[in-house]
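Please look through the sequence and the model shown here before reading on. The report that follows takes up a few regions in turn.

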Amino acid sequence: MKQNNQHVDFSLQYNENYRMRHRELSELIEYEDAPYSRISDVKNNTRMVKAVLFMNSSKKLSIFNKNVEIDLERTNREIQTYEEEKDGLHFIEDLSCRVEVEFKCNIFNDFLVTGMVLGFVGAMEGAKFVCTKIIYPGALSGRMDDVVSEHRLLIFSNVKFNRNFPNLLTLLDLNRDKYDDVVFIGPIFDRTQDDWDFSKFNRFLDTFPGKLYILPGLDDPTSGFVPQPPLHKLLFSRNKNVVRLTNPATVEINSKTCLFLDGKYAMADLLRYKKHSRATDAMKAVIKSRLILPNAPDTIPCVPESHRDPLLLSKVSLIVSGGTKTEYDIFRQKMLLSVADFDETKVATLFHMKNKQIEEIAFCE
């Protein structure tokens with residue numbers, strides 16, 4: 001049987017994405033203790049360069065491996081981590097050139113992801129740039145400690161409603177007085193099931209005064225390129241209170257900017273960049289780098305752009321992602337929340353935006 005393999009070269013396709021990202025984020029990187037220089041102009045004197053970070057790993061199925069053989073039946077989702085047993089190679093690149101970087105500073109607590117635009121302080125030693133300090137872009141605006149009015153979100157992750165509909169509806173009905181809005185984080189559908197009729201929720205939605213936010217995920221009927229487009233409106237044609245989101249998506253709820261991303265696709269790839277990390281660790285990296293998914297397009301595909309990078313983040317107060325269990329943290333006055341896998345645990349997460357109370361609500365047979 002003929003293998004479904006292709007030889008392709010993506011090495012130049014996303015050049016504009018990185019040029020645009022580098023241009024916009026470079027303006028936010030400042031450091032007064034070393035003069036700025038392009039990489040090609042750095043000698044043995046300490047300088048600060050503003051560059052895109054690339055992580056090289058034999059475990060990555062990266063689009064930047066020239067003439068890479070792509071097996072369409074194999075993807076990065078099979079890989080547990082991109083970290084090598086020994087320290088992997090890192091490169092930095094600006095508009096002048098690309099060079100290998102060696103970190104002399106302690107990066108153990110840094111969650112470094114390919115595609116981040118950072119400031120690197122250091123000097124050239126031979127053919128390497130030796131970095132002694134990393135500078136992140138300026139602080140991201142947004143906070144959760146000044147919410148004026150209470151607003152309660154009931155959040156489900158890995159919904160797969162066509163397999164879990166009875167459990168979902170029962171949980172929603174029994175707890176109707178506890179929440180104001182509902183968030184479904186994908187996958188929304190179980191592709192192994194035949195019943196894709198979302199109209200079964202019409203009885204609930206016809207009497208529900210709030211909004212139902214729906215974010216697609218892995219294997220849902222939409223593009224695999226991030227930001228994944230919203231699920232088609234005809235799936236929810238009767239329901240005016242359904243808000244179809246991209247994945248990832250930023251949306252204003254209760255006068256706060258909320259970022260949602262799924263756990264099986266977007267967050268899962270971020271977590272491959274640091275062993276033994278949690279979703280809240282990756283969220284802190286998102287806040288520090290001001291990039292929702294810096295790993296796109298390297299290890300998660302995205303649409304080539306030439307005018308704006310849809311993954312740049314200018315403001316956020318709350319970040320919510322799918323996960324395996326409920327976890328939370330507060331970082332730079334922003335709330336970070338990873339919610340349980342509903343398909344596995346039958347647990348939803350109730351979040352009170354004003355008092356920051358988090359409650360797990362479980363379906364019990």
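## An enclosed helix

In helix α5, the residues Ala-279, Thr-280, Ala-282, Met-283, Ala-285, Val-286, Ile-287, Lys-288 and Ser-289 are buried, where buried means under 20% relative accessible area, exposed means over 50%, and partly exposed lies in between, with a 1.4 Å probe and protein chains only. Helices (H or I, at least four residues) and strands (E, at least two) are DSSP runs, numbered from the N terminus. Because nine of the 11 residues of α5 (residues 279-289) are buried, this helix is largely enclosed by the rest of the structure. The cover over its buried residues includes α1, β13 (256-261), α4 (266-271), β14 (318-322), β15 and β16. Just after α5, Arg-290 takes a positive phi of about 60°.

The model is predicted, so local features need pLDDT of at least 70 and side-chain atom pairs count only at pLDDT 80 or more, while totals for chains, interfaces and linings use all residues. Residues are numbered from 1 along each chain as its sequence is written, and side-chain values use heavy atoms, with hydrogens and water left out.

Glu-327 belongs to strand β15 (residues 327-331) and is buried, with a relative accessible area of 17%. Leaving aside neighbours within four places in sequence, Glu-327 is in contact (heavy atoms within 4.5 Å) with Arg-278, Ala-279, Thr-280, Leu-336, Leu-337 and Ser-338. From C-alpha to C-alpha, Glu-327 and Val-339 are 6.6 Å apart in space, although 12 residues apart in sequence.

Asp-341 is found in the loop between β16 (334-339) and α6 (342-345), and at 3% relative accessibility this residue also counts as buried. Its side chain reaches the backbone nitrogen of Asp-343 at 3.0 Å. Not counting residues up to four places away in sequence, Asp-341 touches Ser-157, Asn-158, Lys-264, Gly-323, Thr-324 and Lys-346.

## A closed barrel

Five strands form a closed barrel that runs β2-β4-β5-β7-β6, with mixed pairing; two strands pair if DSSP finds at least two bridges between them. The twist averages 55° from one strand to the next.

## Aromatic rings

Rings of Phe, Tyr and Trp (its six-membered ring) pair if their centres lie within 6.5 Å, with planes under 30 degrees apart counted as stacked, over 60 as edge-to-face and the rest as tilted. By this rule the count comes to 15 aromatic pairs. One of them joins Phe-161 and Phe-198 edge-to-face, at 4.9 Å centre to centre with 70° between the planes. Since Phe-161 lies in helix α2 (residues 161-174) and Phe-198 in the loop between β9 (181-185) and α3 (202-206), the pair ties together parts that are 37 residues apart in sequence. Both Phe-161 and Phe-198 are buried.

Ring pairs also link a cluster whose members include Phe-156, Phe-161, Phe-165, Phe-184 and Trp-196. Lys-200 lies over the face of Phe-165, at 4.7 Å from the ring centre, where a charge sits over a ring if NZ of Lys or CZ of Arg is within 6 Å of the ring centre and within 35 degrees of the ring normal.

Definitions and conventions
Axes are lines fitted to C-alpha atoms, for helices over the stretch in contact, and angles run from 0 to 180 degrees between N-to-C directions. A polar contact is a pair of N or O atoms within 3.5 Å; within protein, one must be able to donate a hydrogen and the other to accept it, and residues adjacent in sequence count only if both atoms are side-chain atoms.
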